[in-house]
Amino acid sequence: MRRAGEVGVTDTAKTPTDPAAALEAELAVLLRRMAAGDEPALTVLHARLNRRIYAFALRRLSDPDLAEEVVVETLYETWRHAGRFEGRSKVSTWVLGIAHHKAMDKLRANGTRQYEDLGEEAEQIADPAPDTYTRIAQRQQGEQIRACMDTLPDEQREALLLVFYEDMTLGEVAGVQSCPENTVKTRLFHARRKMRECLERQTR
Amino acid sequence: MTDTSPDDLRRIRDLLPWYVNGTLTAEQRAEVEATLAQSQELRAEAEWLAAVRDQLKQKNDTQADGQREAGAEQAGLQTLLGLVRAEKKKRPALNPGRGHPGFGERLSQWLGGWMQPVFMVAACLVVVQAVVIGTLLHRTGDNSITPAGAAASTAAGPLLQVVFHETATEAALRAALIGASVEIVAGPGQLGVYTVRTAPDRADAAIAVLRQNAAVESVSRVTP
């Protein structure tokens with residue numbers, strides 16, 4: 001019988017040297033074991049991912065208690081559907097996709113979800129003055145950035161966070177948000193414009 | 001300034017967040033860098049985005065790595081394991097190591113007793129009926145699942161990807177597809193994305209109709 005702490009990646013032919021790739025390989029093995037009902041594998045998966053899910057949920061919800069609930073609900077869902085993972089994405093991307101839906105449920109239940117408008121009107125807005133970006137970059141503070149991010153619609157804020165916090169590729173963000181890549185690009189386009197305008201006001 | 005076209009500038013600008021987080025392919029990265037070398041404005045924007053990313057990732061941001069009060073992680077794990085064990089108790093597993101027996105396992109257990117002969121007779125009847133119905137459909141050629149209005153004209157049309165709002169009902173989904181005269185060719189995928197096909201000359205109209213539909217979250221063209 002294997003104990004929780006002893007669950008490791010022993011059935012992969014080759015362990016990747018890149019730490020991120022090695023983690024993903026381990027997560028894939030854990031998921032296979034979970035699909036076979038291996039509870040210690042779930043314990044290890046929790047150890048590997050709970051902080052990442054918590055941070056992701058907290059940034060979305062700004063409520064520690066709700067973020068804790070998202071961690072539990074996400075990993076429970078992962079356990080229940082472990083056998084459905086088809087390997088088309090990274091395991092972590094798949095799990096964060098579940099967390100995304102759980103967080104959206106919480107926002108919807110609280111009536112605090114901020115919907116986005118992906119209309120084309122923003123493209124008509126004139127480009128900023130040439131030195132705008134340089135001036136903002138010199139003056140902006142972390143607090144101001146976070147305050148401006150809080151004004152973004154949920155999907156746009158999440159897309160920005162997935163790119164800048166999680167360092168996800170375009171395809172991974174699309175996977176987590178269950179949308180086409182072009183939608184992610186549009187979200188980022190609007191998010192950057194709103195951030196720039198907000199920071200322009202904040203740093204005046 | 002630059003001789004890059006506005007469309008190319010927009011495309012490169014769209015890639016800047018991934019240039020800044022270092023996840024572009026080598027080819028994309030080279031393309032972005034070539035454009036940045038020509039455009040001071042894009043360079044300034046890229047530097048601004050890098051500054052935003054750095055400040056968001058500062059170590060003094062306590063949210064960044066998901067650390068929290070001691071015991072919170074353990075409490076969460078206990079809650080999680082409690083849920084898993086409660087479910088196992090609720091549904092005694094056929095396979096001792098698995099909390100969720102598959103449909104096949106459950107069916108074979110159910111059929112393991114007196115139902116087996118009855119099931120065999122019923123299964124034979126179903127097969128006979130299927131053959132008869134299949135033959136009739138083949139004769140009439142009416143075995144399409146294309147929504148009314150899509151007709152057979154979508155055969156070689158472009159593909160679109162459609163994502164519906166999570167709250168959209170099946171009726172709303174069906175109405176949206178029929179209204180846009182598209183047919184489902186794949187999906188929903190693991191992430192809820194439907195791939196649909198339009199008639200060759202109706203892609204723009206179908207996209208416009210779908211975008212106006214309240215049940216639709218996003219639409220994008222997959223093939224030209």
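What you see is a predicted model, where local features need pLDDT of at least 70, side-chain atom pairs count only at pLDDT 80 or more, and totals for chains, interfaces and linings use all residues. Residues are numbered from 1 along each chain as its sequence is written, while chains are lettered from A and ligands numbered from 1 in the order in which they are written.

Let's start with chain A, which has nine helices and zero strands. Helices here are DSSP runs of H or I with at least four residues, strands are runs of E with at least two, and both are numbered from the N terminus. Of the 204 residues in chain A, 45% are buried, meaning that 20 or more other C-beta atoms, placed from the backbone, lie within 10 Å of the residue's own.

Chain B brings in a sheet: four strands form an open, antiparallel one in the order β2-β3-β1-β4. Two strands pair if DSSP finds at least two bridges between them. At the edges stand β2 (183-186) and β4 (216-221) of chain B, each with a single partner strand, so one side of each has no neighbour in the sheet. β1(B), residues 159-164, joins β4(B) through five bridges, and B:F164 has B:V216 in β4(B) as its bridge partner.

Conventions. A residue is buried if 20 or more other C-beta atoms lie within 10 Å of its own, exposed if 12 or fewer, and partly exposed in between; C-beta atoms are placed from the backbone.
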